[in-house]
Amino acid sequence: MRRDEKDVVVTDLQQRLDGASAFYLTDFTGLSVKQITEFRSRLRKQGVEYVVVKNTLAKRALEGLELTDVAQFFAGPTGLVIGRSDAVAAAKVLSDFAREFGDRPTVKVGVVDRRPYGPEQVKQLAAMPPREVLLAQIAGGLQAPMSRLVGGMSQLMAGFARAVDQLRQQKEGAAA
């Protein structure tokens, strides 16, 4: 590969990683071509891509992103799982697939919001509920206090209305 072609690959990888919410370095040793194709298909369904690139080129791409502490994990066969919008979805597909196929591919390291995560932390991330569920839980958590506030306010207003009605009845009784 010529120098200018390498530069194009490095720039492309930098853009992919820079635009990603998370990416995971995996060792795909022991997987057949058919299994890797299945893995890529599952990832694609979740809007996640799987890229295999030369380690030296990947290290150069990471230098441009100031993620050099992750560069040490680019040794041996390495594939990148790149999640654009949802870090949990990518980790979940990776974890589920590995569970089915004898812990392959193995996670070397994950990077979520520019912070490295070890293999165990990636498993914990994969165990989290999907983004939509978390958002629904947050909305429900915010809605409950608001409902109590509205209920309390309506009881207060009803009590005030009853007091005004009683006061009106007393005044009518005194006037009669």
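Arginine 99 is exposed in this predicted model. Its relative accessible area is 59%, and the cut-off for exposed is over 50%. Arginine 99 forms a salt bridge with aspartate 96. The closest N and O atoms of this pair are 3.1 Å apart. Aspartate 96 is partly exposed, with a relative accessible area of 32%. Both residues belong to helix α4, where they are 3 residues apart. About one helical turn therefore separates aspartate 96 from arginine 99.

A second salt bridge joins the side chains of arginine 2 and aspartate 4. Here the N to O distance is 3.1 Å. Arginine 2 is exposed, at 52% relative accessible area. Aspartate 4 is partly exposed, at 42%.

Another salt bridge brings together the side chains of arginine 84 and glutamate 49, with 2.6 Å from N to O. Arginine 84 sits in the loop between β3 and α4 (87-100), whereas glutamate 49 is part of strand β2. The pair therefore ties together parts that lie 35 residues apart in sequence. Arginine 84 counts as partly exposed, at 38% relative accessibility. Glutamate 49 also counts as partly exposed, at 21%; the cut-off for buried is under 20%. Arg84 and Glu49 are members of a network of salt bridges that also links Asp12 and Arg16. Across the whole structure, 13 salt bridges are found.

Strand β2 leads on to the sheet. This is an open sheet of 5 strands, paired antiparallel. The strand order is β2-β3-β1-β4-β5. Strands β2 (48-52) and β5 (115-117) stand at the edges. Each has a single partner strand, so one side of each is left without a neighbour in the sheet. From one strand to the next, the twist averages 20°.

Strand β1 (residues 22-27) runs antiparallel to strand β4 (residues 106-112). The two are joined by 6 bridges. Among the residues of β4, valine 112 is the bridge partner of alanine 22.

Helix α2 (residues 33-45) lies across β2 and β3. Helix α2 runs at about 145° to β2.

How values were computed. Residues are numbered from 1 along each chain as its sequence is written. This is a predicted model: local features need pLDDT of at least 70, side-chain atom pairs count only at pLDDT 80 or more; totals for chains, interfaces and linings use all residues. Side-chain values use heavy atoms; hydrogens and water are left out. Two strands pair if DSSP finds at least two bridges between them. Helices (H or I, at least four residues) and strands (E, at least two) are DSSP runs, numbered from the N terminus. Axes are lines fitted to C-alpha atoms, for helices over the stretch in contact, and angles run from 0 to 180 degrees between N-to-C directions. Contact means heavy atoms within 4.5 Å. A salt bridge is a side-chain nitrogen of Lys or Arg within 4 Å of a carboxyl oxygen of Asp or Glu. Buried means under 20% relative accessible area, exposed over 50%, partly exposed in between (1.4 Å probe, protein chains only).
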